[in-house]
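Here is a short report on one protein model.

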Amino acid sequence: NPPYVARCDAATLPPELRHEPEAALFGGEDGTDVLRALVLAAPSALAPGGFVALELDPRQAERVAGWLAEAGLREVAVHRDAAQRPRVVSARRSADPRA
């Protein structure tokens, strides 16, 4: 799971997360810096048919799903956690090596 917490949410983190290194939690001002970089790299980093899944803040799910689709990945899906919050977005690179 990449760092996806927005810097502005630092004060609202649960106490058990406050011991974590900042680099493990914060993904920029809105929490999407690392997510965006991963999405941009995914088409060339994944093997044909390769799969990516990104844990994220539920408020980021639709935006990241859109980025994955724009990047040309297929089978973009938003997965919900046990509390029914959108928590993971996944996608697959085309199995066609020319795509």
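## Largest pocket

Pockets are found on a 1 Å grid over the protein atoms alone: a pocket is an open set of points with protein on both sides within 12 Å along at least five of seven lines, whereas a cavity is a set of points where a 1.4 Å probe fits but cannot get out. Grid points are joined across faces, edges and corners, and a volume is the space filled by probe spheres set on the points. The largest pocket here has a volume of about 280 Å³. Its lining, meaning residues with an atom within 4 Å of a point, counts 16 residues, and Y4, V5, L13, L17 and L25 are the closest to the centre.

The lining of this pocket splits into 10 nonpolar, 1 polar and 5 charged residues. In this scheme Ala, Val, Leu, Ile, Met, Phe, Trp, Tyr, Cys and Pro are nonpolar, Asp, Glu, Lys and Arg are charged, and the others, Gly among them, are polar.

## Basis of the model

The model is predicted: local features need pLDDT of at least 70, side-chain atom pairs count only at pLDDT 80 or more, and totals for chains, interfaces and linings use all residues. Residues are numbered from 1 along each chain as its sequence is written, and side-chain values use heavy atoms, with hydrogens and water left out.

## Overall fold

The protein chain has 3 helices and 3 strands. Their order along the sequence is α-α-β-α-β-β. Both kinds of element are DSSP runs numbered from the N terminus: helices are H or I with at least four residues, strands are E with at least two. The C-alpha atoms fill a box of roughly 45 × 25 × 20 Å along the principal axes.

Of the 99 residues, 36% count as buried. Buried means under 20% relative accessible area, exposed means over 50%, and partly exposed lies in between (1.4 Å probe, protein chains only). A contact means heavy atoms within 4.5 Å. Among contacts with a separation of 6 or more, 52% come from residues 24 or more positions apart.

## Nonpolar core

A nonpolar core is a set of buried Ala, Val, Leu, Ile, Met, Phe, Trp, Tyr and Cys residues joined through side-chain atoms within 4.5 Å. The largest one has 20 residues, and V52, V64, L68, L73 and V89 touch the most other members. At least two residues each come from α2 (33–45), β1, α3 and β3 (86–92). Helix α3 gives the largest share, 5 residues.

What does V89 touch, beyond residues up to four places away in sequence? Its partners are V52, A53, L54, L56, A61, V64, A65, L68, V76, A77 and V78.

## The loop between β1 and α3

Q60 is found in the loop between β1 (51–55) and α3 (61–70). Q60 is buried, with a relative accessible area of 3%. Its side chain reaches the backbone oxygen of G31 at 3.4 Å. Setting aside residues up to four places away in sequence, Q60 touches Y4, D30, G31, T32 and L35.

R59 is in this loop as well. R59 is exposed, at 59% relative accessible area. The side chains of R59 and D9 are joined by a polar contact of 2.5 Å. Such a contact is a pair of N or O atoms within 3.5 Å; within protein, one must be able to donate a hydrogen and the other to accept it, and residues adjacent in sequence count only if both atoms are side-chain atoms. R59 and L46 are 13 residues apart along the chain, and their C-alpha atoms are separated by 26 Å.

Most residues other than glycine have a negative phi. E75 has a positive phi of about 55° although it is not a glycine. E75 lies in strand β2 (residues 74–80) and is exposed, with a relative accessible area of 57%. Q84, also not a glycine, has a positive phi of about 70°. Q84 is found in the loop between β2 and β3 and is exposed at 52%.

H79 lies in strand β2. H79 is partly exposed, at 35% relative accessible area. Apart from neighbours within four places in sequence, H79 is in contact with R85, P86, R87, V88 and S90. The C-alpha atoms of H79 and L54, 25 residues apart along the chain, are separated by 10.0 Å.
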